[in-house]
Amino acid sequence: MEEHKIRVLVAKPGLDGHDRGAKVIARAFRDAGMEVIYTGLHQTPEQIVEAAIQEDVDVVGMSVLSGAHMTLFPRVKELLDENGADNIILMGGGTIPEEDIRELTEKGYAKALFTPGANTDDIVAWIRGVVQ
Amino acid sequence: MHELVQRLLDGDRRAVARIITLIENNAQDKEQLLRELFPHTGRAFVLGITGSPGAGKSSLADSLTSYYRKQGLTIGVIAVDPTSPFTGGAILGDRIRMQEHALDKGVFIRSMGTRGSLGGLARATKEAIKALDAYGRDIILVETVGVGQSELDIMATADTTMVVLNPGTGDSIQTIKAGIMEIADIFVVNKCDRDGADKMAAEVSAMLDLGHGQNPNWRPPVMKTSTLDGRGIPELVEAVSKHREFAVSSGLFANRRAQQLKAEVTETVEHYLKELLWQKAGASGEMDKLLEDAAQRKLDPYTIARRILAVFDG
């Protein structure tokens, strides 16, 4: 009997060292029955994409609190596409201003972005909805 | 041939990743994939790493990977972490210690949740090893869940198994508890930069004096390592090579592989038999009636079992 388990890579790109949010979200995904691959701090976009490919995840979730979101999301999306992994859904969260969220999602660099205070149940429901 | 198998044999790492997922998920194509992978397996050397949580299994896997890479060998790593029996979810965090190799195409790392298995590995671990073997990896490191006293699956999976211990984690009684002593081909006292490493190594050694393992001709060496500064890693690699040579020359290697194959065939037959049985017995609809009789104590479970098995008669 086939059983599809949702696999999510939770990644912390760049230089900021605050991973509390990433850990909270990783735990929420676990409690929702998903398999969460957590890779630790200070990941480069290249490392994130390679891990996503080897782990064959459905979703990459990036936590960005450094303000570098306008560089990091487009770069990771570009690398996913270059490696033929455009089926992997890129989403994320962090301290990201409204207008940047609009730009990143409209241009397809992120499928959805959540900001501080977002309900983890909503994020879980969103993932379940987009992973068929 | 399955398109994914062809791509794997052509060296496409995305195909490897996809195949492992399909196997883990028990997908419809699983049997075809495994059938077609099989002729290309049997070449990789499988090195098992087991020990309690936090003993340093991932860090050791990382150090060994660096060492073997310098010798030009390609590496596959399968790291197993526990799945929650309550939610079915898992946090797989072994990659944290292996980031140095994230961009090395000669290293393929895959994390797996146990998904209900209790022996320290996932049900699909053996099959994932086959995928990495067919992909052409020279050495496959398999890191078990950190449990410590009962994860014996690794013994039936790896060619060489190392048990990782730490200084100051319990007296010698811990080391002579059933299981650990018997599955180790090599003992590793990791974190040897800490106090008590020599004492720990001496205690394990003393226990080995009283008898060891299933093979009288191989006394498991006790190695001391520190992944902080790389101390003892070359010696550990040397010990692994020695065990490998011993295993090949003594026939242990061939024997283990033969046993593993036998176990695999047996398990597969039993699995298919079960499926077939419930297909046949389920279709007849007799089960519910029999269970009702059992509830009223008119029939016992043993008689019912015999009656259900009668679907195979004739």
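The C-alpha centres of domain 1 and domain 2 of chain B are 39 Å apart. Domain 1 of chain B covers 41-250 and domain 2 covers 261-312, with bounds that come from an automatic or database domain assignment. The model is a predicted one, in which local features need pLDDT of at least 70 and side-chain atom pairs count only at pLDDT 80 or more, while totals for chains, interfaces and linings use all residues. Residues are numbered from 1 along each chain as its sequence is written, and chains are lettered from A and ligands numbered from 1 in the order in which they are written.

**The contact between the chains**

Chain B contributes 28 residues to the contact and chain A contributes 28 residues; two residues are in contact if their C-beta atoms, placed from the backbone, lie within 7 Å. On the side of chain B that touches chain A, the elements giving two or more residues are H2, S3 and strand S4 (107-113). Helices (H or I, at least four residues) and strands (E, at least two) are DSSP runs, numbered from the N terminus. H2(B) gives the most to this side, with 6 residues. By class, the side of chain B that touches chain A holds 11 nonpolar, 12 polar and 5 charged residues. Here Ala, Val, Leu, Ile, Met, Phe, Trp, Tyr, Cys and Pro count as nonpolar, Asp, Glu, Lys and Arg as charged, and the others, Gly among them, as polar.

An open sheet of 6 strands has the order S5(A)-S4(A)-S3(A)-S1(A)-S2(A)-S3(B), with parallel pairing; two strands pair if DSSP finds at least two bridges between them. Strand S5 (112-114) of chain A and strand S3 (90-92) of chain B stand at the edges, each with a single partner strand, so one side of each is left without a neighbour in the sheet. From one strand to the next, the twist averages 25 degrees.

Within chain A, strand S1 (residues 7-11) and strand S2 (residues 35-38) pair in the parallel sense over 4 bridges, and A:Leu9 has A:Ile37 in S2(A) as its bridge partner. In S3(B), B:Ile91 stands opposite A:Val36.

**The sheet of chain B**

In chain B, 7 strands form an open sheet in the order S4-S2-S5-S1-S6-S7-S8, again with parallel pairing. S4 and strand S8 (222-224) of chain B stand at its edges, each with a single partner strand, so one side of each is left without a neighbour in the sheet. The twist in this sheet averages 20 degrees from one strand to the next. Strand S7 (residues 186-189) of chain B runs parallel to S8(B) and is joined to S8(B) by 3 bridges, with B:Phe187 opposite B:Val222. Helix H8 (residues 197-209) of chain B lies across strand S6 (160-165), S7 and S8 of chain B, and runs at about 170 degrees to S8(B).

**Helix packing**

Two packed helices are described by the angle between their axes and the distance between the axes. Axes are lines fitted to C-alpha atoms, for helices over the stretch in contact, and angles run from 0 to 180 degrees between N-to-C directions.

| Helix pair | Angle | Distance between axes |
|---|---|---|
| H2 (residues 13-24) and H5 (residues 125-134) of chain B | about 160 degrees | 10 Å |
| H2 (residues 45-54) and H3 (residues 69-82) of chain A | about 45 degrees | 9 Å |

The angle in chain B makes H2(B) roughly antiparallel to H5(B). Angles under 35 degrees count as roughly parallel, over 145 as roughly antiparallel, 65 to 115 as roughly perpendicular and the rest as oblique. The crossing of H2(B) and H5(B) is right-handed; a crossing is left-handed if the near helix is turned anticlockwise from the far one by less than a right angle, and right-handed if clockwise. From H2(B), B:Val16, B:Ile19, B:Ile20 and B:Ile23 meet B:Glu127, B:Ala128, B:Ala131 and B:Leu132 of H5(B). This contact of H2(B) with H5(B) comprises 7 nonpolar, no polar and 1 charged residue.

In chain A, H2(A) and H3(A) are oblique to each other, and their crossing is right-handed. A:Pro45, A:Glu46, A:Ile48 and A:Val49 of H2(A) meet A:Leu72, A:Arg75, A:Val76, A:Leu79 and A:Leu80 of H3(A). The residues of the contact of H2(A) with H3(A) divide into 7 nonpolar, no polar and 2 charged.
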